[in-house]
Amino acid sequence: MKFYPTGKQAQLIDKYTQDEIGIPGLVLMEKAAETLAGELISFAIRSNSKIDDSGYEKYKEKLGGFRKDRDPILAVVESGNNGGDAVAAARILKTWGYDTYIYEINGISSKTQSYIKQIEIAKNLGVGFVDLKGKATDEDCGREISDYRIIIDGLFGVGLSRELRGVHREVVEQINEASEKGSFVIGTDIPSGISSSTGQVLGAAVRCDATVTFQYIKYGMLIGAGREYSGEIICRDIGLYKIKTANDMKHILDLGEPDAGDTKEKIIYEFDDEDVSLRIPPRRDDSNKGTYGKVLILAGSEEVYGALELCSKACYKMGAGLVKVVTHSLNRDVLADKIPEAMMLTYDSGKMEEDGFWDSFRSSIQWADVIMAGPGLGTGEMSTKLLEYLVSQCVSGQRIILDADALNILSTEDPGEVLSSLKNKLGYEQVILTPHVMGMLRLRTGLRDYISIEDEMTASGFAGADKIKYIKENAFETAKLFSDRYGVICILKDARTVVSCTGYLSDKKEALVYLNTTGNNGMSTGGSGDVLTGILAGILATSRDERMTVYESACLAVSIHGRAGDVAAAKKGRHSMMATDIVENISGVIGNIPNN
């Protein structure tokens with residue numbers, strides 16, 4: 001698994017590495033500095049290579065023609081350990097023959113011992129020191145920050161929690177101006193001014209072209225403004241203690257101070273390649289179509305067909321054995337043509353009673369292992385009646401996915417009443433909601449048995465703020481509200497999708513946060529969410545042997561969805577991607593997984 005610590009968590013991991021493992025802080029700093037220096041030069045060399053390297057093409061404008069004998073490098077530092085990393089990197093670059101300088105801001109009176117030591121070593125090795133506020137020290141090259149070809153941001157690290165003001169804000173703005181003029185800016189561990197816990201800008205923040213982060217990508221670099229300000233993220237091992245499981249992380253957090261704040265609130269993680277491979281349900285040699293589950297899909301309407309096709313195909317691509325579609329009779333011919341594998345139950349709005357549709361629908365509901373409702377369903381009177389009947393007829397042992405229009409219908413009634421009823425009937429974490437941010441706002445607005453979203457925003461210090469922005473900046477907390485109160489799994493879809501669970505299966509105090517970093521902006525297209533729902537239904541159908549919890553299945557679904565999107569983007573380009581491309585590339589993600 002990949003873990004994304006907050007700032008305080010990262011500091012505890014660092015402390016554990018030094019105090020319990022026994023690796024001295026200066027050793028870790030040297031490794032970090034050598035890594036930073038090496039990655040910086042890698043950017044310069046590859047940006048000037050004649051070999052086609054599309055990954056570095058965007059840096060050629062800033063780094064094209066870079067020469068070590070004429071282009072100066074500046075490390076802008078403050079007096080903490082983050083500054084020590086940058087100072088040591090400048091010194092290492094000096095020994096490699098590069099023209100390096102250090103600009104000490106000295107806006108903080110206290111200095112760490114490691115920083116003091118690195119400054120001493122840098123001076124002994126002849127690194128140039130400049131004061132770009134106008135007062136020269138050892139060497140004054142008569143330059144401004146923008147005169148340096150490469151700038152290393154070494155001001156503040158993961159421990160920053162206050163807003164930048166005064167000289168620090170001024171220097172950050174100068175670095176950003178230099179970047180606009182053509183300087184290449186590389187961050188040390190995290191861009192200065194970005195909160196490692198929220199991703200928000202603390203007054204001002206450095207806009208990095210790239211950030212070299214050590215051992216772990218910090219949570220704040222993946223969400224909010226932190227995602228943009230970090231530029232390209234390069235994560236490298238420097239010898240810090242490696243977290244392997246959630247229990248591993250809990251052990252580290254338990255060693256912290258009782259008032260350690262957010263260190264005990266949430267553990268943020270994501271499946272890596274091995275986790276995905278191990279969790280994809282196996283295929284058995286003695287199997288048949290019934291082995292891999294029965295999925296009922298209530299989707300499509302008199303006016304919409306495409307969503308039905310996308311989710312059904314994705315479900316089959318994930319290996320589901322049998323899929324039965326309930327949709328309007330106008331979709332019969334196109335469904336038979338597009339998805340001949342699927343069974344059908346169709347309805348004509350004016351003949352449902354005389355055709356015996358409701359008896360057939362009830363039998364179909366009872367037949368299914370997994371039920372999916374919502375894609376393209378519509379929100380009219382007939383769609384509402386169909387959804388209400390489905391909810392009334394589902395039985396214990398089934399798993400239900402509510403997506404798209406099913407959630408919109410819930411929002412017009414009382415979501416809490418329906419969700420509580422489903423929990424009582426099916427049990428905890430057997431229902432999965434898949435709203436996007438606007439859908440979540442509708443759900444919150446429709447709640448009758450919880451405080452209003454306006455009151456919650458006020459209680460959280462967001463009074464008067466935009467509701468959509470509030471949900472985006474508090475995605476996990478918003479999703480967790482539904483999980484905890486109604487016993488459901490919530491997949492809150494956005495550029496960074498989160499998955500929340502209730503935690504009822506354990507006595508853990510910490511909240512698990514699944515944060516998905518797979519996928520790309522080419523997936524911001526109609527139908528992408530329908531594909532995700534189909535992937536999830538397929539996983540649930542094929543993992544009925546309790547190989548995975550429903551929560552794990554939801555996490556796996558968002559990972560595979562994003563990975564399929566990444567494969568599609570590599571083939572098609574992000575501008576030309578369609579939801580059908582995501583479906584077609586599911587096999588590129590799971591096709592080479594051996595039976596296990």
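The sulfur of cysteine 235 lies 15 Å from the closest cysteine sulfur, that of cysteine 208, which is too far for a bond. The structure as a whole holds zero disulfides, a disulfide being a pair of cysteine sulfur atoms within 2.5 Å. Cysteine 311 is likewise in no disulfide, with the sulfur of cysteine 315, its nearest, 7.9 Å away. Cysteine 235 is partly exposed at a relative accessible area of 26%, whereas cysteine 311 is buried at 0%. Here buried means under 20% relative accessible area, exposed over 50%, and partly exposed in between (1.4 Å probe, protein chains only).

| Cysteine | Nearest cysteine sulfur and distance |
|---|---|
| Cysteine 235 | cysteine 208, 15 Å |
| Cysteine 311 | cysteine 315, 7.9 Å |

This is a predicted model, in which local features need pLDDT of at least 70 and side-chain atom pairs count only at pLDDT 80 or more, while totals for chains, interfaces and linings use all residues. Residues are numbered from 1 along each chain as its sequence is written, and side-chain values use heavy atoms, with hydrogens and water left out.

Helices (H or I, at least four residues) and strands (E, at least two) are DSSP runs, numbered from the N terminus.

The buried residues of α15 are Pro415, Gly416, Val418, Leu419, Leu422, Lys423 and Leu426. They lie on the same side of α15, because their arc around the axis is only 165 degrees, taken from the directions from the helix axis to the C-beta atoms. The face turned away from this buried side carries the exposed residues Glu417 and Asn424. Among the elements covering the buried residues are α13 (381-393), α14 (404-412) and β15 (431-433), contact meaning heavy atoms within 4.5 Å. Just after α15, glycine 427 takes a positive phi of about 100 degrees.

Strand β15 also belongs to an open sheet of 11 strands with mixed pairing, in the order β1-β9-β18-β17-β16-β15-β14-β13-β10-β11-β12. The edges are β1 (2-3) and β12 (343-347), each with a single partner strand, so one side of each has no neighbour in the sheet. Strands β15 and β16 (residues 489-492) pair in the parallel sense over two bridges, where DSSP must find at least two bridges for a pair. Isoleucine 432 has isoleucine 489 in β16 as its bridge partner.
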